Amino acid sequence: MLIIRNCTAVMAISLMILILSSPVLAASGNSGKVLNGDLIFGPDENLDPAYKYTGWYMHEAGIYETLFGLDENMNIVPKLATGFDQVSDTQYEIHLRPNVLFHDGTPLDAKAVVFSLERVMDSSNPRHGEFSFIDSVSAVDDNTVSIKTKEPYSPAIASLIDPLVSIVKPDVNLNTTPVGTGPFKFDSYEKGVKLVVKKNDRYWGDKAKLDGANLFFVSDSMTRAMQLEGGDVDIARGLPQTEVQNIKGKSNLEVLSKETMRENLIYINMRKAPFDNLSVRLALNYAIDRQEIVDTALEGVGGVAAVGVFSSQNPWSANKELKAYEFDQSRAKALLKDAGIADTDGDGWLDYAGKPFSITIKTYTSRAENKPSAEIVAAQLEKIGIKTNVEILETGALTTDLTNGNYDLALYSWSTGTTGDPDYFFSKHFLSTGAEAKKTGYSNPDVDKWLEKARTTFDQKERMKYYTKVQEQVLADSPEIFLFYLNELVGVNKKVKGYVLYPSSEINFLTPELSLGD
């Protein structure tokens, strides 16, 4: 059974955007070099990059930059910093790039960097815990920043890649007036509809080839595809897998694809029975045919069946050492029987504690692959006798349910490589104090110990040993079911040149190299 809750308004808005946006797009036009693009998500009324995950959207728009970034091969590269010196196990000196100007012409200096970091560290920021490892930040001189950590913390430099710590100009209203250093500068914003940027002629690096861009936020994947096919936009991210072949058949369009660090997974609510029983969690793993999800829900083009936490494209992946869960319905049934879940009345459905055993999988639809994937998982669970419903929620409502423990299973999508360091994902999902671990109820003292040791170890080989142990243990404990690693599917008009798909693709979109041909 498919239940859709709180999504009627979203669908109506998407249809309205499809109907109303075309004339607007045509008016803004492709005259000159203004790119029209459809994105999946966008900021709400607050444009401050330190607010929730708004930094991702503003970085995507080319407005803000961080001290360091990731290249196409997931290597850390300098951005607003030219490099750093590790003074000791607990101190770094960051050297700033000279002659960088904010969009209003103010020079970038160490004070602005200190301001940008300290405001994220402040307890008033909901995500301040992610930077609690920092003891102090100070300006050594105009071009040097000192960062001291409370203890040795090997992911320190990688953490500065997170768009949460985008470098901003102090003393402006960042909620409504973004002022960064990126190749594009803010022009206007219409909440939930579009963000308009224009070229920054004073950019420190190679100047943007585009004059500007209109970025539209369209949550419905079919709407994005239709706008691309209709010529209303030049580029659309997050294509529905069902439209890939159709778009490839258009002479003026093409589909770009790359396996990314984004993973679709299922949270298991270990805070309630019977999901607190390891046998039940293992049974769910064996009951799921991941390849069928890839071949059917993803049309064979949208992803790769998962083995463990990380895609094999991730340099920190231990997939070669891991044994994937095989699709084994008989083993799944046996494990459920061991947990006291069996067909007691002969009706073909499993029972638990004297009642029919049923599961609800909750998910959201702004990512095209979620709903069909959840439906296939539901069908697979029903084949072993578990009555399974799929419930569609708005993203905010789903997050609230997860936080409150109001769910059985929840199909979610996560980027595992935002900063390039495994601690970013592991500390959220599998450290006992992590925000996502609290949602599943996962806690393992050994995993906590390994993660803490990996944080305080600077030798990469030693760190890998700890992270391999973590990946093995998490797979065995199964607080989450890893389904597939997502292939980013981007539809582009062939006149779009210079677009690059990054493995950590969420935070890279408008770059100086992007251009429009005739």
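The lining of the second largest pocket has, by class, 14 nonpolar, 8 polar and 6 charged residues. In this count Ala, Val, Leu, Ile, Met, Phe, Trp, Tyr, Cys and Pro are nonpolar, Asp, Glu, Lys and Arg are charged, and the others, Gly among them, are polar. The model is predicted: local features need pLDDT of at least 70 and side-chain atom pairs count only at pLDDT 80 or more, while totals for chains, interfaces and linings use all residues. Residues are numbered from 1 along each chain as its sequence is written, and side-chain values use heavy atoms, with hydrogens and water left out.

**Stop 1: the second largest pocket**

Select K79, Y502, T511, P512 and E513, which lie nearest the centre of this pocket among its 28 lining residues. The pocket has a volume of about 500 Å³. Next, select strand β3 (residues 68-70), which supplies the largest share of the lining, 3 residues. Helices (H or I, at least four residues) and strands (E, at least two) are DSSP runs, numbered from the N terminus. Pockets and cavities are found on a 1 Å grid over the protein atoms alone: in a cavity a 1.4 Å probe fits but cannot get out, whereas a pocket is an open set of points with protein on both sides within 12 Å along at least five of seven lines; lining residues have an atom within 4 Å of a point. Grid points are joined across faces, edges and corners, and a volume is the space filled by probe spheres set on the points.

**Stop 2: the cavities**

By this rule there are 2 cavities of 30 Å³ or more. For the largest cavity, select I40, R224, G238, L239, Q241, R367, A368, E369, L486, N487, E488 and L489, which line it. The space inside the largest cavity is about 100 Å³. Which strand gives the most to the lining of the largest cavity? Strand β21 (residues 480-493) does, with 4 residues. This lining divides into 5 nonpolar, 3 polar and 4 charged residues.

For the second largest cavity, select Y92, F133, I134, I147, A156, I157 and L160. About 40 Å³ of space lies there, and the lining has 7 nonpolar, no polar and no charged residues.

**Stop 3**

Select S159, which lies in helix α4 (residues 156-159). S159 counts as buried, because its relative accessibility is 10%; buried means under 20% relative accessible area, exposed over 50%, and partly exposed in between (1.4 Å probe, protein chains only). Leaving aside residues up to four places away in sequence, S159 touches F131, F133, V165 and T419, where contact means heavy atoms within 4.5 Å.

Move to helix α5 (residues 221-229), in which S221, T223, R224, A225, Q227 and L228 are buried. At the start of α5, a side-chain oxygen of D220 comes within 3.4 Å of the backbone nitrogen of M222. Just after α5, G231 has a positive phi of about 80°.

**Stop 4: salt bridges**

The structure holds 20 salt bridges, each being a side-chain nitrogen of Lys or Arg within 4 Å of a carboxyl oxygen of Asp or Glu. Select D104 and K169, whose side chains meet in a salt bridge (3.5 Å, N to O). D104 lies in the loop between β6 (91-96) and α3 (110-121) and K169 in the loop between α4 and β9 (184-190), so the pair ties together parts 65 residues apart in sequence.

Next, select K495 and D234, which form a salt bridge with their closest N and O atoms 3.9 Å apart. This pair links distant parts of the chain, 261 residues apart: K495 in the loop between β21 and β22 (496-497), and D234 in the loop between α5 and β12 (235-237). K495 is partly exposed, with a relative accessible area of 22%, whereas D234 counts as buried at 1% relative accessibility.

Then select D401 and K362, whose closest N and O atoms are 2.8 Å apart in a salt bridge. Both D401 and K362 are buried.

**Stop 5: the backbone**

Most residues other than glycine have a negative phi, and most peptide bonds are trans. Select A273 and P274: the peptide bond from A273 to P274 is cis, with omega near 0°. P274 is placed in the loop between β13 (253-268) and α7 (278-287).

Select M74, which has a positive phi of about 70° although it is not a glycine. M74 lies in the loop between β3 and β4 (76-78). Last, select S478, a residue other than glycine with a positive phi near 55°. S478 lies in the loop between α15 (460-477) and β21. Is S478 buried or exposed? S478 is buried, with a relative accessible area of 1%.

Methods: Polar contact = N/O pair within 3.5 Å; in protein donor to acceptor, adjacent residues only side chain to side chain.
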